[in-house]
Amino acid sequence: MSLEKTIYIGAFIQCATLTELDICENGMIGVDETGKIAFVLRESRGRKFPDGEGWEEAKIVRILDYGFFFPGFIDTHIHAPQYPNAGLFGKTTLLDWLNTYTFPLECSFSSLEVARRIYNRVVARTLSHGTTTACYYATNHVPATNLLADICQSRGQRAFVGRVCMDRLSPDYYRDESVEAAVRDSRECIEYVRSIDPESDLIAPVVTPRFAPSCSGEMLGALGDLLKETGCLAQTHISENPRECELVRELFPERKSYADVYDTAGLLTEKMVLAHAVHLTDEETVLIKARDAKISHCPASNTAITSGRAKIRLMLDAGLTVGLGTDVSGGHTPSILAQAREALFVSRHVAMDHGHEAKLSVEESLYLATRGGAKVVGLEDRIGGFEVGKQWDAQMVGLTGVNEAEELDQQIGPVEIFGSESWEERVHKWVYTGDDRNTIAVWVGGRLVHSKPDFKP
Ligand code: GUN
Ligand code: ZN
């Protein structure tokens, strides 16, 4: 798709490193017809953009007062079909939660009508929260999985879409008939997803064994082979809940650890996104690092279904690559901004037991939400920051300086800005108190994919 050349002017904030923000108060970024960043100027006043290339006629998009452009969020772990269950937990923990709430709902995606309704909502909703890339679990239904990929493509969200595989410890009504059938159906989805839009490369498949308890050793091995054959990304769950870890020991007594179950199957590679990783042993951490497998930290889910507190700061110290996941509907919210906040809170709880070095900073949690997530899904060369050559996957964050009582109604969102805050302080307030009311507009690959009704590009 050819776009209009566009110049974005205003404040640009991104993560320079894991611990530092890069704040450009009044810059200018040019995005070309292919949606890529063509130039970055750190000072917009009195500076000329490259001439002779048609930038004089480019469209201009300016940021509102106190607002800033920020890289789009990356949700490294989300179950699209579970969206209707967000907020439903009862008194369950993981294994009974799956049986009570999750499997019956996912099974209903044999209906394309159900799938169309829910998948349209989840893609629109995550975009409205600034999620420009999502790594989705679908269900085991081929038509509905392919439909999710179509919906991501037509709504313009960058996405990985995975058909879920499981051949045991799941109800009879929702289980793969055989390993061969699961591989055949997964292959069909991979081929379909790859055929949707090969030019823009927006949508990609992801090999998806649900988790070790619901996959036989043969299933895991066959999916390890499929991963090698196709070169896809892969995703699964690991060490989320103590009872689940116990179950894996019972089901795979010959394996040294949960991570070793995946390693033996050929699944523990640099392409693998492991969700949760709450109860990893030191040996598993070393193995995951050696294989360069990635971690999706899902703090809201880990708290809501009482799974535990992942020691993320310590994992970062151990050299693991980490991003954030909403894990809807283990997590109650489709917002990655909320995960950044939850990650901060959980790390403070960890710090109460393990010392202050376990605490994450706001800067680190935003890094996980953007550059960390990009590394987790293997797209660090294309997304996660505002460098020349990267895709314009971005969000306009609106903060308000209006604080007069009669004008409160016109405020953009919940973040109260009084005008005297530094840019760092504004960002901290956004992380702790902001929500989708502050997400004014969202672009993926240069295309405007979500905006507030009164946003005038
Ligand atoms: N482990 C296996 N399946 C699931 C799931 O759907 N959600 C979560 N949070 N954990 C899982
Ligand atoms: Zn999950």
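Tutor: Before we look at the ligand, one definition: a polar contact is a pair of N or O atoms within 3.5 Å. Keep in mind that this is a predicted model.

Student: What makes H237 a polar contact of ligand 1?

Tutor: The distance from a polar side-chain atom of H237 to a nitrogen atom of ligand 1 is 3.4 Å. The cut-off is 3.5 Å, so the pair counts as a polar contact.

Student: Which atom of ligand 1 does the side chain of Q82 approach, and what is the distance?

Tutor: An oxygen atom of ligand 1 lies 2.8 Å from a polar side-chain atom of Q82. With E240, an N or O atom of the side chain is 2.7 Å from a nitrogen atom of the ligand. Both values are within 3.5 Å, so both pairs are polar contacts. As for cover, the protein takes up 100% of the 270 Å² of accessible area that ligand 1 has on its own.

Student: Which residues surround ligand 1, and which helix gives the largest share of the shell?

Tutor: Among those around the ligand are H79, L94, W97, L98, R210, F211, H276 and D327. Helix α1 (residues 94-107) supplies the largest share, three residues.

Student: Why is G224 called buried?

Tutor: Its relative accessible area is 4%. Buried means under 20%, so G224 qualifies. This glycine sits in helix α5. Beyond its neighbours up to four places away in sequence, G224 touches A265, G266 and L267.

Student: Which residues does L274 touch?

Tutor: Leaving out residues up to four places away in sequence, the contacts of L274 include I238, Y262, L268, I288, A293 and I295. T236, K294 and S296 are touched as well.

Student: How many residues does each domain bring to the contact between domain 1 and domain 2, and how far apart are the domain centres?

Tutor: Domain 1 brings 34 residues and domain 2 brings 28 residues. The C-alpha centres of the two domains are 30 Å apart.

Terms used. Residues numbered from 1 in each chain as written. Chains lettered and ligands numbered in written order. Predicted model: local features only at pLDDT ≥ 70, side-chain atom pairs only at ≥ 80, totals over all residues. Heavy atoms only, no water. Contact = heavy atoms within 4.5 Å. Near = heavy atom within 4 Å. Polar contact = N/O pair within 3.5 Å; in protein donor to acceptor, adjacent residues only side chain to side chain. Areas by Shrake-Rupley, 256 points an atom, 1.4 Å probe, with all protein chains shown as cover. Helix = DSSP H or I, 4+ residues; strand = E, 2+ residues; numbered from the N terminus. Domains from an automatic or database assignment. Buried < 20%, exposed > 50% of the residue type's maximum accessible area, 1.4 Å probe, protein only.
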